[in-house]
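Open the model in your viewer and colour it by chain. The tour follows the interface, one selection at a time.

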Amino acid sequence: MNRPGVDRSGTGASAAPATGGGRIRTPLPFPTAAAPAVADTQLRANLHRATRTIRGKRARVVDEVPDWEALRDAGAAIKADVQRRLPELLEQFEASATAAGATVHWARDAAEACRIVVELTRAAGADEVVKVKSMATQEIELNEALEAAGIAAYETDLAELIVQLGDDTPSHILVPAIHYNRAQIREIFHRRMPDAPADLSDEPSALAEAARAHLRRRFLSARVAVSGANFAIADTGTLVVVESEGNGRMCLTLPETLISVVGVEKLLPTFTDLEVFLQLLPRSSTGERMNPYTSMWTGVTPGDGPQSVHVVLVDNGRSAVLADPVGRPTLSCIRCSACLNVCPVYERAGGHAYGSVYPGPIGAILSPQLTGVADNASLPYASTLCGACYDVCPVKINIPEILVHLRQQAPHPLAERATMRVLSWVMRSPRRWAAALRLARAGAGPLGAYRERRTGARTLRRLPWPASAWTRSRDLPLPAPQTFREWWDQQ
Amino acid sequence: MTARDEILARLRTALADNPPPVEVPRQYRQVDDRPDLVEILIDRLEDYRAVVHRGLGALPALLAKVGRLAVPTDIPAEWLAGYTGQVHRDAPPLSSADLDGLDAVLTGCAVAVADTGTIILDAGPAQGRRALTLVPDRHICVVRSDQVVGLLPEALTRLDPRTPQTWISGPSATSDIELNRVEGVHGPRRLEVVLVGLDDDPRGR
Ligand code: SF4
């Protein structure tokens, strides 16, 4: 697993920004990984329905907020300020959290973070932990590390539980089991949940009830819980977790020991900044005015909640992202998943094609920056650059711009590079572009008419070399029969 | 170098381009002083399928069906007027197993936000510790009209970040199975809100 640029020595003398490891690297190039998903009509139908539904809900609750754009501006600026002052804010967070009775740990990479959690769990004398859904712990492959250390990790979010019992990986940031239908979930519960009722139906309420009964005793008896955090507040040392089911509250409140794994970019300068982010996040992610539960805790409160509270601050490649001024705003992401639900590529290819725990448009820019672009070279191409992700992002991350920037760094096939170079030469001049369009229409006309007649699609499936490298995994839209200018001239 | 020093040094190196200071524009709404905030709150709460009652006078009927009731130690006596079931005060602290065996919990709150339908508990008066409102299956929460604010920014000014906070917007819910909303997974399956201090409430304060 050792790769260049990844400092795993644990004592490294170099303080240069470093890339990270864990489940953020795509084992297969995106086009290869996406092929089975694109061919799976059931999966495509599921994803289509899910993304369309959430998208609609989001649009409705965003539209009712008259100052949405002002909130986005504030959110983007607060995060830019955090990035600029990250070292000092982290020190401030550490001091405030420590003063409030928490213990702060620092982890250079995934392996170190896992080691810290394992040691803390052992020190608490526990051989099992209950877990709140958290991208950071998935990123560092914590469950695998705990298992290797003989510690059982129980996911308690319903979707994460389904995925865990199904020996699968999540396919969406917000609704990780969206690729399963109710019959499949019932089948998984039957097979893997010993206490599930024999006559369990596939009604969602019955399935949720089975999960409730299954986890209840575990919640009441667990001694150690592991969470992530949506926000970490520098001036007060407060951690914030946003959730729906109450499994989070169970984990954050009942066990004696609470360990929270937090990426260094999760900081906000002040408690007051939550007034922006707790408006942006729920509406952007689940399309609700507010999620059912938000929990906040600051160190230890005597007589209330865990009395041993730990925070593990994780770098794992974030310093490398910070080092690139163009890519830096990627660290503003609040993992709302709005960009997934508007992305035409995600909708067709699904979450697993991205390989990393971070799918969709955000995954296409975050994963390659965390690992170093060479390690995830195909991901920046998993986009049509349509810009929908930028429009919807609550913290205004210009994802298309960062994609283009990363493509320039990615080693890509010669033919593709040649095509791109020609294309950009053509596109830089209006005269060349108009000429090329005329040429393309002349060439594509008969072809396109033929395909349109047969399939109703105004796209071309295959182009000859060198453009074949491009059409191998995408259809090429045909140029419009007339340009707007030509149409205008005729009017 | 320790991990701490190394990460901080990496981040400082990463910022070698010395990005300029950022002015945070805060043009978003800070207050909403519409007169019908309570009505907006009720609308939002019902949208989440919480059940809303008006006036402390609704409490006895609500509690009549509750056999065993958990309450924080500092619960106002008038909330329990006429209640004949078992009262389980959280002193000495009830164990999680005790709480699991109770039918409902009755508390107050710190603030309620009309815009989002959110009730905020901060372990202050009549609220108790966090486990109290988590384990019993039914949460009955008394909200005074003077605790209702319009927007989140107003709510935050009333809160002390050092206290443990639970923000509640409707009962526990999941949408993980084919995006069907199912109420009641691990938190209380029922949230009932009693609004007091309204103009039409003769016993209001
Ligand atoms: S990039 Fe923006 S839209 Fe996508 S998950 Fe992050 S915050 Fe949400």
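Start with two strands: E9 of chain A (residues 293–298) and E9(B). Four bridges join them, and they run antiparallel. Strands pair here if DSSP finds at least two bridges between them. Now pick Tyr293(A); its bridge partner in E9(B) is Ile168(B).

This is a predicted model: local features need pLDDT of at least 70, side-chain atom pairs count only at pLDDT 80 or more, and totals for chains, interfaces and linings use all residues. Residues are numbered from 1 along each chain as its sequence is written, chains are lettered from A and ligands numbered from 1 in the order written, and side-chain values use heavy atoms, with hydrogens and water left out.

Next, select Arg289(A) and Asp47(B). Their side chains meet in a salt bridge at 3.1 Å, N to O. The rule asks for a side-chain nitrogen of Lys or Arg within 4 Å of a carboxyl oxygen of Asp or Glu. Across the interface of chain B and chain A, it finds 16 salt bridges.

Which elements of chain B give two or more residues to the side that touches chain A? Select helices H1 (3–14), H2 (37–47), H4 (96–100) and H5 (152–157), then strands E9 (165–168) and E10 (173–174). Helices (H or I, at least four residues) and strands (E, at least two) are DSSP runs, numbered from the N terminus. H1(B) gives the most, with 11 residues.

Finally, show the whole interface. Here 75 residues of chain B are in contact with 100 residues of chain A, with heavy atoms within 4.5 Å.
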